[in-house]
Amino acid sequence: MAVPVFAPWDDPTQKPLIQFKGVTKRFGDFTAIDNQTLDIYTREFFALLGPSGCGKTTMMRMLAGFEQPTEGQILIGGKDMKGVPPNEREVNMMFQSYALFPHLSVWENIAFGLRRMNQSKDVLEARVEEMLRLTRLTKFAKRKPHQISGGQRQRVALARSLARAPKLLLLDEPLGALDKKLREETQFELMDIQEKTGTTFVIVTHDQEEAMTVASRIAVMDEGRVIQVATPSNIYEAPNSVYVADFIGDVNIIEGAAKRAGDGYDITWAEGVAPLHTRKEEGELIAIPDGGKAYLAIRPEKVAIHTEKPQGMTNAVQGRIIDVAYLGNLSTYHVRLANGTMVRAQTANTRRLALRPFTWEDEVWLSWTDTAAILLAE
Amino acid sequence: MRRLSWFNVTSLTLGFAFLYLPMVILVIYSFNASKLVTVWAGFSTKWYGELLQNQAFLDAAWVTLKVGVAASTLATVLGTMAALVLVRAGRFPGRTLFSGMIYAPLVMPEVITGLSLLLLFISLGVDRGVFTIILAHTTFAMCYVSVVVSSRLVTFDQSLEEAALDLGCSPFSAFRLVTLPIIAPAVISGWLLAFTLSLDDLVIASFTAGPSATTLPIKIFSAVRLGVSPEINALCTIMISIVAVGVIGTSLATKRAAQRQKRDEQAAARAAG
């Protein structure tokens, strides 16, 4: 049975839950967010990804109501949020520091938001118990925040922010304080909880792996602007700029001059060697004038490594292995080409160590298919 | 740990003698049977009994207590509010001036504070009495409270208050339900400090007290001018013991709480690891 693909952003009949309309936020002379327009849909797990200081936290704080946009509009569920204070928004936030109330028990922390809703005692208690079960904290209900571990505190913070069943949950670097292993487990837990509750999640993170794992769509940000919004696989396979390609995962960038050739472009990248060719399997490549500057972005795992010149490959370049990074399951070969460009090639270590044919200082050939590289103009 | 050398021992002894010898002598002489303060005539507690018969002293003690509680409570409310604004509010015109001005009364000679308040009350035509002492004590104790509370607020994680707002609190209930309980220890010590200051203030009180209201320090001071009586020694001994019990009790409670917190955190870390 085919599962229908969750892609409301491709469906013109869907109304977005959150709309940023030309939002600008300035702090004094500093522009944190620059004329931003962005739609986020119901039930999405949306990631705002970028280095620190790129404005992702400001976007989130504007959604929560802690900051007001200097210009533009933010709509949640079609309603303009201008002047609506945080306590009157159907939005809850999980803070980076967790911000658990140290003087209240785990149970009271979770009940805190519910107590502001004028519910009956039974409803409130049932909801707290439900949240405790969802986050597997029932055993710790009576403890104070300083009596539980970091991972448990993270779950209390999540339970507390979910208790009011908000339309939108904001997560500010929710896993930043956890160690790697716990972080990975928690990512899957978060996705699970997001699916179970059907809440729209917006997560802020600087960790690209985390964003790739959890998000339905990612907005890559830099200096107050969203550079690209796309699904994790599109961000990885079809970045729209060198910045995005470089920010997400490992990438080799080869710079050259483009020239229209057949169904694609030839890229002249060095003197005295054949140009590289690139085309797209379907759709059109971006338009670059003849002789214009172009960049080829090639992921290391799409570069094959050979001892002899591969036959019938247009894109084959020769170089010398400078470094080998052995990661257990993978090895990355750092190869210097004749003109000094470094290219990384990654191979899966399907054979035992002694049987692999490449090592330091070997002369090797690297190749990739015509469709492996992404052509970028900037 | 380093052993105590003869030098350390001597310094310690001299230091403590300097601080506490006068009080020790006072306490000892409060149990003197003789009416002459400087002549030891055997142990007796009769002066404590006489003290309880002395209506003037009891009245003064009652006034002092009323003034202390009222002034320190008012000072705590106002001082906490001032601290909140000075720590929280970002830049506003005159911010530096305001924060400087809140500290000024700390270094202002009390004579000047007292005199200026006296002039103010006279020019406003306010009858001097308990009410004016309360106002005067509130004025000078408030800045101590705001110093104590603001030093706590500086380290207060503001995302706690944001979390409360986010969970549906109005700004006032966020303060009442989250900020206040967390900074309560600082607010309480601010109150205690204000109370102590009000309790032993002589200078400002004598400027602002009228004939109808005499505080204990004023009463003691005027009694001593007629000669030190063993009754005064007894009174002072009682005051010393109240203060000592208060200080020791508070520090023990603080230490206990800190130890418990540490133990809990270690237990949580062990359970996680």
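**Reading two interfaces**

Guide: A:Arg61 and B:Glu162 form a salt bridge, with 2.7 Å between the closest N and O atoms. The term denotes a side-chain nitrogen of Lys or Arg within 4 Å of a carboxyl oxygen of Asp or Glu. The model is predicted: local features need pLDDT of at least 70, and side-chain atom pairs count only at pLDDT 80 or more, while totals for chains, interfaces and linings use all residues. Residues are numbered from 1 along each chain as its sequence is written, chains are lettered from A in the order in which they are written, and side-chain values use heavy atoms, leaving out hydrogens and water.

Visitor: How many salt bridges does the rule find across the interface of chain B and chain A?

Guide: The rule finds 1 salt bridge there. Polar contacts are pairs of N or O atoms within 3.5 Å; within protein, one must be able to donate a hydrogen and the other to accept it, and residues adjacent in sequence count only if both atoms are side-chain atoms. Across this interface, 11 residue pairs are in polar contact, both residues at pLDDT 80 or more.

Visitor: Which element gives the largest share of the side of chain B that touches chain A?

Guide: Helices (H or I, at least four residues) are DSSP runs, numbered from the N terminus. H7(B) gives the largest share, 7 residues. The elements giving two or more residues to that side are helix H7 (158-166), helix H8 (171-200) and helix H11 (230-272) of chain B.

Visitor: How is the buried area between the chains to be read?

Guide: Buried area is the accessible area (1.4 Å probe) that two parts lose on being put together, summed over both. Chain B and chain A bury about 2000 Å² between them, with 63% on carbon and sulfur atoms. In chain B, B:Glu162, B:Asp166 and B:Leu167 lose the most area to chain A, together 34% of what that side buries.

Visitor: What area is buried between domain 1 and domain 2 of chain B?

Guide: Domain bounds come from an automatic or database domain assignment, which here gives domain 1 (54-227) and domain 2 (229-264) of chain B. About 620 Å² is buried between these domains, and carbon and sulfur atoms give 83% of it. On the side of domain 1 of chain B, B:Phe57, B:Leu216 and B:Ile220 lose the most area to domain 2 of chain B, together 50% of what that side buries.
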